Amino acid sequence: MGFLKVHQESVTPEIAEKMCEICPFHAISYNEGKLEIGAGCKMCKLCVKNGVSGVVTYEEEEVEEIDKSLWNGIAVFAEWEDGKIHPVVYELLGKARELAKVNAHPVYALLVGCGLENATEELRHYGVDCVYCYDAELLQEYQVDSYANVVGDFVEKVHPSVMMFGATVKGRSLAPRAAARFHTGLTADCTVLEMKDNTDLVQIRPAFGGNIMAQIITPNSRPQFCTVRYKVFSAPKRTDEVSGHIEKMVLTEEKMQSKVQLEKKIEKPKTIDIAEADVIVAVGRGLQSQNDLTLVQEFADKLGAQMACTRPLIEAGWFDPKRQIGLSGRTVKPKLIITIGISGSVQFVAGMKGAECIVAINQDKNASIFDVAHYCFVGDLYEILPQLLAQLKGGTK
């Protein structure tokens, strides 16, 4: 990494004025006889190229290269609560096994909680080489500070090259804290993961509102931390045979203690999660009126489908935000999804392209949704939908 260095001994009021005018981001200021570069700097280096020679220079920071051979294995944080393993864990284990083959690395599962005997054995049916288990009464309830201590202890003892977390409420709070402890990077909401021969993990995620796919690597940092949404990868089949072994880990009581005291635990009412739906009917801005949702709902009911939508309909107040599909909503992987009046923005497609079968209804034959759809209906949804509904009811066209 590099940085800009200001040579204050060369700065005069006249020079400072010129340097301030050069910066297009107004990041250079002159205060009390000192030239300063603020947080608005975009590292465009115009102050170096076009400024007064020698006043600001670009310096390369010397960073000692790490020995990557000391970091071995791909670890998955196995999120567990109330006796159940979160289903995203199995998807991550499947991907970890795929990545591990590139460099013949082992696959680890990190399990934290209390009373983990059954969960530990269940993980052994998914091709792990070792389940590292922190089983203690103090870890019964999730507390981010004590769990971060556990992850830190695991990393210090095992030295995994990669650590994968589900992009759940817990994963999104725990992963950045753990990454910060080791001064390494964290890539959130990855949609694609690839492994290089030198053990660098290529972490791919949408950026700039989904308009580009950014490829991120941390070549001089270990472990490599990432989070992945549920339903992005496919879970492997459970095998009858067990594999790997169990390593019971011990952490001092002091490190398992949390600074947060749990006073009361209140169960939230269960709501429908569209990520679990096998059939989804999704609507977009092609729908002219909120009253027309009655027709779409009837169609969805006949299919036994869950209703979903795009972001504009959330902003219009037509749907609960939990029913939004896309980068800022839910990622879904149903057996069948029917999109009605949806153009197919990158943000929306990223959240549903893993569906087994995609049927699209749109009157614009150039709509982007047709690029990913398996079956396409080009026409007015107000003509097509009633006909499909009539057929579902057993009537004629």
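Helices here are DSSP runs of H or I with at least four residues, and strands are runs of E with at least two, both numbered from the N terminus. The structure is a predicted model, in which local features need pLDDT of at least 70 and side-chain atom pairs count only at pLDDT 80 or more, while totals for chains, interfaces and linings use all residues. Residues are numbered from 1 along each chain as its sequence is written, and side-chain values use heavy atoms, with hydrogens and water left out.

Two packed helices are described by the angle between their axes and the distance between the axes. For helix 5 (residues 144-158) and helix 6 (residues 169-181), the axes come within 9 Å and cross at roughly 50°; axes are lines fitted to C-alpha atoms, for helices over the stretch in contact, with angles running from 0 to 180 degrees between N-to-C directions. The two helices are therefore oblique to each other, the class left once angles under 35 degrees (roughly parallel), over 145 (roughly antiparallel) and 65 to 115 (roughly perpendicular) are set aside. Helix 5 contributes Val144, Asp145, Tyr147, Ala148, Asn149 and Val151 to the contact, and helix 6 contributes Ser173, Leu174, Arg177, Ala178 and Arg181, where contact means heavy atoms within 4.5 Å.

Helix 5 also holds Asp153. Asp153 counts as buried, because its relative accessibility is 8%; the buried class covers values under 20% relative accessible area, with exposed over 50% and partly exposed in between (1.4 Å probe, protein chains only). The side chains of Asp153 and Tyr134 are joined by a polar contact of 2.6 Å, that is, a pair of N or O atoms within 3.5 Å, one able to donate a hydrogen and the other to accept it within protein, with residues adjacent in sequence counting only if both atoms are side-chain atoms. Beyond its neighbours within four places in sequence, Asp153 touches Tyr134, Val250 and Leu251.

Turning to helix 11, Asp380 caps the N-terminal end, with a side-chain oxygen 2.8 Å from the backbone nitrogen of Tyr382. Leu381, Ile384, Leu385, Leu389 and Ala390 of this helix are buried, and their cover includes helix 8 (293-303), strand 19 (336-340), strand 20 (357-362) and strand 21 (375-378). Gly394, with a positive phi near 90°, follows helix 11.

Overall, the protein chain has 11 helices and 21 strands, and 46% of its 397 residues count as buried.
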